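Take a look at the chain below. This short report walks through some of its parts.

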Amino acid sequence: MLYEFEFESYNWTMENVKMNFLAHSESFLQRWNEDYEKPFHSHVYYELLFSMADHSAEFYYENRKVTLFRNDFVITSPYYPHRTIIRDREKLFSFGFFFKPNSQKEKLRQDIHALLRDAFSSNDCIIGHGDGALESHCLRLKQYASASDALGEGCMVASFLLVLFHIVEQLQGSNGAGSFVFVRKGEGQAKEGGHSTRIPSDIASMINNLLSESFMTDVTPEDISRTYYISTKQINRYIFNQYGKTFLQRKTQLRMNYAMKLLRESPLPIEEISEKVGYHSINSFYSAFKVHFGVTPHRYREGELPTKSTAGEGLPKPQ
């Protein structure tokens, strides 16, 4: 079962870091319970889980299980497989975040990127127990869950930053509170730029769905990258590994298959079909169709059989 989240992304920049805070449609109200065991999955961003009650959830990673009690939190790195079984859906929060360096020409007062990198990037997973201050910050964050104006959104971002930096403070041990379990990044795993090169299965399904539903538009890997927070390089590699084609070739393949279907089954004029499958110029459509099938759209509609298929899904005879 695939849940497609609706993300709200809030950006923040300070010194040499750009931070994105992601609040999705289930951040404050998880849908899963003991009747639905969410399978192992991963994200393309860091995920922060925070428990507001005893036995709010069970967190699974590798071959281990951890029951989350009040003030327990978990931070998973991008691409790290895990799953949760929700026991109290109103008492487990879930947020996403990621950060990257910000080109800063002025002299830095503080290297905030290094602070966050050292806190989170060296571990696949961090499991810890927070204190009362962390709970207070999380409660304040929940108050702004339905923020709908600039002031509310600003307060939400500020509250999230309080949560994040309080955890960093605890990780550094500066206040002497909390206990932690660190799951170090494994050796021998395929990595690129510090992250796994494999796209999570849920994101892969969403990419396929988006491309299958939007091939007639001018959708690009950059559009998908902004939607699912994954690099264009990984998107292109996934499409090529899956279909043996570049992103543009796969999009063209889908357009040609749909054009063939419309030519065969509908009375629409060829110019209208050209626009319907995403071409702004009928000449470009004629050229692409002939490259794929060896015949023009007009001749195909008249009954001439295609002489080749780079679309790869058969060559049905026109009716």
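Which residues are exposed on the other side of α6? They are Lys233 and Asn241. Here, exposed means over 50% relative accessible area, buried means under 20%, and partly exposed lies in between (1.4 Å probe, protein chains only).

This is a predicted model, in which local features need pLDDT of at least 70, side-chain atom pairs count only at pLDDT 80 or more, and totals for chains, interfaces and linings use all residues. Residues are numbered from 1 along each chain as its sequence is written, and side-chain values use heavy atoms, without hydrogens and water.

**Helix α6**

Helices (H or I, at least four residues) and strands (E, at least two) are DSSP runs, numbered from the N terminus. Helix α6 covers residues 232-243. Its twelve residues reach 16 Å from first C-alpha to last, close to the expected 16 Å. That expected span is 1.5 Å times one less than the number of residues. Gln234, Ile235, Tyr238 and Ile239 are the buried residues of α6. They cover an arc of only 135 degrees around the axis, so they sit on the same side of α6. The arc is taken from the directions between the helix axis and the C-beta atoms. Just after α6, glycine 244 has a positive phi of about 70 degrees.

**The sheet**

Seven strands form an open sheet, in the order β1-β2-β8-β3-β6-β9-β10, with antiparallel pairing. Two strands pair if DSSP finds at least two bridges between them. At the edges stand β1 and β10, each with a single partner strand, so one side of each has no neighbour in the sheet. Four bridges join β3 to β6. Leucine 48 stands opposite isoleucine 75 in β6. Helix α3 packs on the sheet and touches β1, β2, β3, β6, β8, β9 and β10. Contact means heavy atoms within 4.5 Å.

| Element | Residues |
|---|---|
| Strand β3 | residues 46-51 |
| Strand β6 | residues 72-76 |
| Helix α3 | residues 150-172 |
| Helix α5 | residues 221-228 |

**Tyrosine 228**

Tyrosine 228 lies in helix α5. Is tyrosine 228 buried or exposed? At 10% relative accessibility, tyrosine 228 counts as buried. Leaving aside neighbours within four places in sequence, tyrosine 228 contacts Val44, Ile203, Met206, Ile207 and Leu210. The C-alpha atoms of tyrosine 228 and methionine 206 are separated by 8.6 Å. These two residues are 22 residues apart along the chain.

**The whole chain**

The chain has ten helices and twelve strands. Of its 319 residues, 49% are buried.

Terms used. Axes are lines fitted to C-alpha atoms, for helices over the stretch in contact, and angles run from 0 to 180 degrees between N-to-C directions.
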